[in-house]
Every structure is written in C-alpha cells, then in structure tokens.
Amino acid sequence: MAGVDKVFRPGSVALIGATDREGSVGRDILENLLQGKEQRSIYPVNPKRDTVMGLQCYPSISKIPEHVDLAIVATPANTVPGVVKECADAGVEGVVVISAGFREIGEEGMKLEEAVKHVQSESDIRILGPNCLGFIRPDIGLNASFLKETPAPGQIAFVSQSGALGSAILNWAISTKIGFSLFVSLGSMLDIDYGDIIDYLGEDPATRSIIIYMESIGNAKKFMSAARGFARSKPIIVLKAGKYPAGAHAARSHTGALAGDFQVYEAAFKRVGVIRVDEISDLFNCASVLDSRFLPAGPRLAVVTNAGGPAVIASDAVMDYGGEIAKLSQESIHVLDDHLPRYWSHGNPIDILGDADVGRYEVAIRTALGDPDVDGLLVIYTPQGAAPAKDLAEMVVKVAAGRHKPLLTVLMGEDIVREARAACYAADIPTYSTPEDAVRTYMYMYRYQRNLDTLYQTPEELPVDLSPPKSHLKLLIQRMIKDGRTLLNQEDADKFLDAYGIPRVKGDLARSAEAALIVASNIGYPVVLKIMSPDIPHKTDINGVVAGVESGPQLKLEYEQLLSRVKEARPDAKIDGVYVQKMVEKIDYELILGSKKDHDFGSVILFGLGGISVEIFKDFSIGLPPLNQVLARRLMEETKVYRVLSKGMRNRPPADLKMLEEVMVRFSNMIIDFPEIADVDINPLAVSDGKLYALDARIILDPEALSKRGESYPHLAIVPYPTKWVTPWRLTDGTDVILRPVRPEDEPLELEFVRSLSDESSRARFFRIIKNLKHESLVRFSNIDYDREMAFIAETKEDGRRVEIGVGRLVLQQNRRRGEFAVVVADKYQDKGLGTKLVDMLINWAEEKGLESIYGIILPENRRMIQLSEKLGFRIETRPEEVFVELPLK
C-alpha cells in the first residue's frame, strides 16, 4: 500500500491542467479542491497561465517550491506519460489521471497506457485511473473529482469501476441522505485496483462497510487476498454487471459449457466472504446491516404482522430467496394462545390481527425472538388498529436492546410512519417500506454469515497425499503438447487419476479386436467399449459407446461395428483405438467432477449431477481450488443432488460422503499441481452401493501454460498450501521433527500447543499469559493467506501422537516491504536449535517475497530471543518497555 495513503489523505495537491475556463473539467476540479483549501495546500499547474482563480499557477510540477503528495492530471491523453514522468521525478507519491483516451479507444490508446505503466513500474508512484472521475473524502473535506456534489461524511465506502454509473448512484445516495467515508472511481485500473482499495479501506477507521460496482475484476488474485483478509471486519458488498452474456462460446467439455463467467464470479465471492447483490438499493441496504453483530444463524425467519396481505408477500419472498418460514415451537404457540385473541393465525406468520395494540405486538415479538427454532424476526406494521407507529417503534427499540438475533421492521406508509422509521434507524434497527426489501436483506445477511462460516470453519484432516509423484505426468504433458495434441485419451487420463488416488474402474486402451479380447479377459466380463478419438469430444453424440458386452465373440463383433459406425459418422476423425472397461452393473447415481480455466479467476472446480444429461439439468456448484474437507462438503451441499446423496432414494443407498470429500480434495490437488490442464471432466463419477468410481475422464491441455512455468501458480486465484516448504529436520538432541507451513486443519494442534506453554513462554510470545483461545482466534493462527503471511510449525511425535512444539510467524505489512515476525518454542524443546531454524526459514520466505526487512518486538526480559536476534545479525534497539529488532534483507 505504499503511496496509497498519500493519494487519499494528501497534505498537498497539484492540479495539472488547471484552468478557469467555464465548463471545463480543470475548472470543476479546482473549484472542488478549493473547498478544502484550509486543510491542505493547492497548486494549479498550467504552463499557459500565471494565475488561475486567484492562485499562482506553476508551469510544471517540478517548479512547485514545496513537496506535493498528490497530483491530479486533467490534460490530453498524449501528454499524460510525460506528465506522470515529471511527477515521479519530483517525488510525488500519487497521481489521479482523469484524462480519457487510453485503452477504451483502441490500439493507440493502449500504447499510451503502456507508456504510463512503464513510468509507474520504474518508480514508487501510485496511479488512480486513467479515465476516472477521481475520488471524494467527505470526512477531510477533499473532493478530488469533477463531480458537482459532495456527499456528507459517513461510514460507507463506495468503489465504482464505471464513472457514469458511479456518478448516478452517488447522486441517488446523496438524495437519500446516505453518507460516505470515501467515493472512488477506479477507471481503467492501470495501477490502483480493487485489491489496493480494499487493503486501504480495511485499515481505514472511518470505513465500516465497502460497496463496489464491478464490471470486471482486474487482478483477481489481489482482490481475493484482500477481500479474504477483511471480510469479517469490513463487509464487502458487490453489484456485478454482466449476469447474462450476449453469447456463449462452444465448449470442449461439459464443465466448460456449464461454468459461465457469472457463476464463477459468484463462487469467488462466496469463497472470500463477499456478498453479491442484484439491485443498486441492495448495496446500501446491506452496507447498513452486514456489519451488525446480529447476523442470523440460519435461514428460518418468523414474521409478526397486523395484516395478512403483507405477511403473505413476505412468506413468498422468503421462499423465493431461498429462506425458510420458521416453524414455531409448541411452547411458543402456547404462550401466544394465552395472550393473543383466539382468531390469531396459530402459526408463522404470526398474524396478531388488525386491531393489535403495542402490547400485543410486544408479546409476539418477545416470544418469536425467544423461540430456539427462529433465526430472525421480521415485524410488519400497517397503520391501522390501536398501535400508533411512534409508540410501536419505541417498544421495538426497547425490546431490541436485549436481543441476540436479527430483527428487521417493515413500516408501511409514508408520513404516518416517518417518525417511527427515524427512531428505528437511530437504534440501528433495519427498517424498510416493503416486505420484499426486508426479506431480501435478511437473506443477504444469512448468506454473508454462511460465507464467513465457510471461510473460517475448521476442516477435518483427510488421508490425502499432498505431494504425490508427478514428474512422469509432467513429461507426458510435454510430449503431448510437442506433438501438437491437447486432448488426452482415457488411457493417459487414467494415469492422472491413479497418481492422485481417484478411484476408477479397471480398463485399458486396445488398438485391435485381439488386444480388446486380452484386456477383457484380464478385467472380466461384462465390459464397456468406448471409442477414443481426439476429434470427438462427446462419444455418445455419435453412438460411440457399447455397454454390456458379455463374451469374446460378442466383443469382436461389437468392436468392428463400433469402428465402422464411427468412421461413417466422422470419416475425418483420428481414431486412437477402443477403450475396454469393466462394466459397473449397478449405478445408483451419476455425478460430474470437473475443472476449467476461467479468464479472470483461473482454474475453477465444478461438481454436480452428471451423465449424458448434465447440460440439460444443470444441477451443479462451482468452487475455487484449493479445496479442503469443509469446502468440498459445501460444494456438495449447494446442489440439489446432495439431498439424494446424503439420504439415499427409492432403495438406493446414500453415497459415502467422506469418500466423496476425499476424492474432491484429491482432484483439487491435481488441478493445483498442473497449470497445463485447461479442462477436465470426470463424467460420470459413478456411485455404486455407496462407493465412487470414475467411469470416464477427459483432460484437455493448455499449450500456453508451458511458457509460464517459472511463475508461482499462475492458474490460481488463491495461493495453495506451499508444499515446497515442508522440511524434515533434527533437533540438536536427535529428535526428528517436520517443519511445515500451518494448515487450517491444525487448529486442534495450535490450541494444545498454546495450552502447553509455561507462563513465562506465553508472556514472551503474547505479552500476556494466554492459556485458552476461542475458535475465532485460533482460526486467525491456522487459516492463513499464504500470499500475505507465513507460519511455520514444528511437529514431532510423543507416544505416537502428533504434537506441535514450535511456531515461527511472519506477517507482511500493508506496503509489502516489511514484515513482523514472532517465534515461540515449547518449553521442553528450547535450547535445541529450533528457534534459530524457524527464524532462518522465515528469513528465506521473506527473501523470496522480496521484502526489504523483517522486524520483531521483544519483551526486555526475553533474553533468549534477544540473543538469538543478535546472533542472526538483527539490529537491536532498546526502548523503554520493549526491544525492537530488525534485519535488513536488501
């Protein structure tokens, strides 16, 4: 985040292209800047003028006598590269390029943009734009845009890729009295993008929620890392344009045909705790409630109403948006029977009738909030009966003060409920004018909580080899691509499945009828015959599969007829042979497990209902690798077929879900290890008597991936578990240990380790004695983003049990130039070289990340750590209550 703070909180601003010409962008921006002239220095720059609007005007940025933090550029596009170079030479930290005429106009503009990017890459300057509106920071009186209006200060940050739509939304929000901590128009995102903005706002105390209008994501890896880092503390709400593409491209795999761009965006947002909304108003509705501590534990909503019609509308909306109408407990029914008129609805929605007074509402509200089968409550009021809106609001505010569940209100009407709405707003009680808006917001709240739960849930340990032998597969891929082939036949695809432990049915490729007879005799009848051709993506389209072959004579006949049929249908197709496979006679369910490369997010994983009708039923879910046990289970749960897999159906047994989780994680690991894989289909992945078998697999290669082999996971939006850092080692006393990066599955080990520390060691690490940690804190230690921090743990065995005996942690600072480290070793393993080794590994990791230095803060009484730091060359600075140590790496 170097320089970004100076962009958005500058002490001095220069406007290059300043003018006093009426109607010009340069004048509009200068007028806006001058509104905050008491808080910062403003310098107009224009070589053709001596003064502008009463201010001295400078011929260039280099002639300004004081340091400039931020330069705003509003000059013709062809001058921008030179102007930005002058700014960089003058030591300006940030530039906002308002000018248009770059990539949006074609090749000529792209060359100009590349020239600006070249200047930026050779300096520390940060650039917002080009082709943007600029930004507004109401809390510091800074309008660095050409927009005429400045919103009031607030706690919502609004980030827009589109200038025009961003301006329109901002105008609408201002008219409804919504305040902002920041409005920023990103434009072409040449440098500063979503990831940078989220990183900045995540640390900004003035910002409570972040709303984004997005057209394209830019650097997906940066976005995913930043969003994941702040999703729990700062809700991020996205309105993504482009839900329905104008046209679909022909796909070579079922996964490619099913997993469209928008579905991939949705999966990516879920993965990092971001909530996607459908309407502009939802952006602000969600921003006002998602930071609440009252997020729903589930989708079960109760409704209290004094009118039947709105309650029916609310119930329909609950079902439409994927929620549940809560079923009241018998105890709640009895309480309501005792206090409500005999004609109340006797269920949910709780219709307390049109003549309800405030007391009747209060009984119903308290009862619903206390019901263990209710996750949230919606209170609907229509202006009728004996309950004045203002009195009702006062009661709701009083009851809500002691709640632990979300409570939303719908106050229908306008002037008659205006004062009541204001009272609810003041008490942070979400209030709406229609049931549909309220229900939709509640379901966003639930999805947000569910996304966070997935993000931070501790996965179970699975018996999966994280580093299976794969060099022979890399060589196979090289040979295939060298020969100009990108589609692996099933014989070669089987080698990948076998290497990663994905169960399959026995089979082999035969290039003659005699060879097919030998294969069949080895694996046993009945068998299936499948044509193998790189030119035929889907065999069933040309009747290229024969099932139920039960004897040698039948096989020979079917073999010849199959070849003849295929050659007649596709005379131009190259035939590799016929794959002979043991037939699974009883298939309970057919699934699909696949992967494709998305343009923005790289490799994604698809799971769902498979078979030849996969593209008709379209029952699937999408996730991003790497998967673990929790993420694999969530992928299953998001499909309709999951209910059948988990419970069985019509004498069909349920699937072995643990085995399915394991297969999905193994498959994910395969995708991680091979950026050369463009598409994969395992279809069908058959379930037979609960067990899983891959019946058919096709792998399509990406020749361009070979040119990116030096890059670290170029095909992934999320950095996977870094297996290369897993290292066997030995303490000075001969104890064997494994040094490795921490994993989410290590939460139990981390807790046991923290509890095992002596008071002295605990205080040395945490600056206070800690003997127990809640799940939320343990997740922070074990479920890390390997792109932003590293934690190496030392693991050994005691009495056959795996135990953690030390950990070294390094967290990158926002500017990614420095990192803070900490190390702690279990008491009985101290003074055996482990601390030194952990620090050494952290130094190696920091050097690989390109850090300039690492530093640590140590208690003065922690002499061991101070001496270790001295031994390793750290600079030692003794302060009043701490010792600061830093090691330069460059």
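# Cores, a covered helix and a helix pair

Trainee: I've landed on I212. What does I212 touch, leaving out residues up to four places away in sequence?
Mentor: I212 touches V159, Y194, I198, F223, I236, I237, V238, L239 and L283. Keep in mind that this is a predicted model.

Trainee: Which core is I212 part of?
Mentor: I212 belongs to the largest nonpolar core, which has 64 residues. I212 is also among the members that touch the most other members, along with F8, I72, F135, F223 and F601.

Trainee: Which helix gives the most to this core?
Mentor: Helix 7, residues 220-230. Helix 7 puts in 6 residues.

Trainee: What other core lies apart from it?
Mentor: One of 52 residues. Its members include Y786, I793, A826 and W845.

Trainee: What caps the N-terminal end of helix 6?
Mentor: D193 does. A side-chain oxygen of D193 lies 3.2 Å from the backbone nitrogen of G195.

Trainee: New topic. Where is D785?
Mentor: D785 sits in the loop between helix 27 (775-782) and strand 34 (789-798).

Trainee: Buried or exposed?
Mentor: D785 counts as buried because its relative accessible area is 11%, and the cut-off for buried is under 20%.

Trainee: What does the D785 side chain make a polar contact with?
Mentor: The side chain of S225, at 2.5 Å. The D785 side chain also reaches the backbone nitrogen of D787, at 2.9 Å. Setting aside neighbours within four places in sequence, D785 contacts S225 and R228.

Trainee: Last one: helix 11 and helix 16. At what angle do they pack?
Mentor: About 35°, with the axes 9 Å apart. Helix 11 is residues 308-320, and helix 16 is residues 435-456. Their crossing is right-handed.

Trainee: Which residues meet there?
Mentor: From helix 11, P310, I313, A314, A317 and V318. From helix 16, P435, E436 and V439.

Trainee: How many of those are nonpolar, polar or charged?
Mentor: The contact has 7 nonpolar residues, no polar ones and 1 charged.

Notes
Residues are numbered from 1 along each chain as its sequence is written. This is a predicted model: local features need pLDDT of at least 70, side-chain atom pairs count only at pLDDT 80 or more; totals for chains, interfaces and linings use all residues. Side-chain values use heavy atoms; hydrogens and water are left out. A nonpolar core is a set of buried Ala, Val, Leu, Ile, Met, Phe, Trp, Tyr and Cys residues joined through side-chain atoms within 4.5 Å. Buried means under 20% relative accessible area, exposed over 50%, partly exposed in between (1.4 Å probe, protein chains only). Helices (H or I, at least four residues) and strands (E, at least two) are DSSP runs, numbered from the N terminus. Contact means heavy atoms within 4.5 Å. A polar contact is a pair of N or O atoms within 3.5 Å; within protein, one must be able to donate a hydrogen and the other to accept it, and residues adjacent in sequence count only if both atoms are side-chain atoms. Axes are lines fitted to C-alpha atoms, for helices over the stretch in contact, and angles run from 0 to 180 degrees between N-to-C directions. A crossing is left-handed if the near helix is turned anticlockwise from the far one by less than a right angle, and right-handed if clockwise. Ala, Val, Leu, Ile, Met, Phe, Trp, Tyr, Cys and Pro count as nonpolar, Asp, Glu, Lys and Arg as charged, and the others, Gly among them, as polar.
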